[in-house]
Amino acid sequence: MEQQLSLFDVRDVYKPLASRMRPERLEDFAGQKQLLGEHGILRRMIEEDRIPSMIFWGPPGVGKTTLAGIIAGRTHARFINFSAVTSGIKEIKEVMTQAENSRRMGEKTVVFVDEIHRFNKAQQDAFLPYVEKGSIILIGATTENPSFEINNALLSRCRVFVLERLSAEDICQLLKRALKSPEGLGYLKVEITDEMLEMIAQFADGDARRGFNLLEMAVTNGQMDGEKTVVTKEILERCLGKKSLLYDKKGEEHYNLISALHKSMRNSDPDAAVYWLARMLEAGEEPLYIARRLIRFASEDVAMADSQALPLAVAAYQACHFLGMPECNVNLSHAVIYLSMAPKSNAAYVAYEEAKKDAQNMLAEPVPLNIRNAPTGLMKELHYGEGYVYAHDTKEKMARMQCLPDSLAGRTYYRPTEEGQEKQTKKRLEEIRRWKEDQE
């Protein structure tokens, strides 16, 4: 016998899918195994109801608010949900007064503040004395780096838990659960392929809320076929507003395209590089992912040949963060063309890779005594710092002093090229090495 929807169920159907599918149990929470897995520290704190004041830091859609809601259902404390968008100092003080009264009666109060980074210094300071006294347990959620957005005094009294982006696999599981659940889309009997669910999960870019919204839009625009709702690839593409890339479970095409972009820039081919950039962006690739790859390229393939490449790539990342798509496409195009046309050197990359091999094989190699720090008398007695020459005190601003361990003395890792600005670096390094040899 089919389950009928009550009036209350029908009313709930009009709530966003992401809201309807918000888990209420820790066991149903997706991702964050590092914190909520079987031996995760945060899981133990929640299960034992001994949570401290803490900050959840992570990108949108990873479950910060959901996790707070689960804590609200598990704790024996009074739970107050607070919004940094709509609340001011007056509201904060009113809630804090209630919490102080509850504390005197022996009752704990947990205050959850969503988007806590939106509070200014004065508003954040209003929490401080109550956190210090233990009148409240503060849980803040933020998408911004707490080190920059939250007062040091308040931050020092909170544990910071970093919530990571959800994997495409995590989001796929959430979407499949939504398709089967009566609270989700189960009543519509949706027909949609795993390939399309994986496509939605890739487009969601670690944001479960975005994934749910995309799925709900596709299903809403689906074709009715008897009792079924059929979502075709064409419908999904229209909902996404662009022709979609075919991503397989391993994301092969995703990596093929970023490889094509990287290798086109390395080959100094701006036309091909901009084409592959456009292919990725128009297929819905996350611009910040591309920007991160450009930052890597700037040091791996350009480096000292043009030291302006790295700050320009970082600036492109910041521009993508500020503007988002579609406005940031021209910022990425600017950076891709610059990197394509820049002189190329992989000397910094090669230097590190060679040094890494030695470092891994000689992790216990002692630091030479002459370049050890000697802050105490005992260390000086043990000859720490003996023979050290302060380069700024010399005419040449350098000394012939061995800085590598004895077993690696004379080893060369950085071999500059003749490309671009690195030609001058090479000339300078040769002069330094000749001068040191002459001092022997």
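**Reading strands and overall form**

Tutor: Strand β2 (residues 78–83) pairs with β3 in the parallel sense, over six bridges; strands here are DSSP E runs of at least two residues, helices are H or I runs of at least four, both numbered from the N terminus, and two strands pair if DSSP finds at least two bridges between them. This is a predicted model, in which local features need pLDDT of at least 70 and side-chain atom pairs count only at pLDDT 80 or more, while totals for chains, interfaces and linings use all residues. Residues are numbered from 1 along each chain as its sequence is written, and side-chain values use heavy atoms, with hydrogens and water left out.

Student: What holds strands of a sheet together, and which residue of β3 is the bridge partner of Phe82?

Tutor: Strands of a sheet pair through backbone hydrogen bonds, either parallel or antiparallel. In this model, the bridge partner of Phe82 in β3 is Val113.

Student: Which way do β3 and β4 run, and how many bridges join them?

Tutor: β3 and strand β4 (residues 137–142) run parallel and are joined by four bridges, with Val111 standing opposite Leu138 in β4.

Student: Is strand β3 mostly covered or uncovered?

Tutor: Burial is read from relative accessible area: under 20% is buried, over 50% exposed, and in between partly exposed, with a 1.4 Å probe and protein chains only. Strand β3 (residues 109–114) is mostly covered, five of its six residues being buried, and of the 440 residues of the protein 42% count as buried.

Student: In what order do the three strands of the open sheet lie?

Tutor: The order is β6-β8-β7, and the pairing is mixed. The edge strands, each pairing on one side only, are β6 (190–191) and β7 (223–225). β6 pairs with strand β8 (residues 228–230) in the parallel sense over two bridges, and Thr229 in β8 is the bridge partner of Val190.

Student: How does the radius of gyration of the protein stand against that of a compact globule of 440 residues?

Tutor: The radius is taken over C-alpha atoms, and the globule rule is 2.2 Å times the number of residues to the power 0.38. The protein has 29 Å, whereas a compact globule of 440 residues would have a value near 22 Å. Along the principal axes, the C-alpha atoms fill a box of roughly 95 × 65 × 40 Å, and the secondary structure comes to 21 helices and eight strands.
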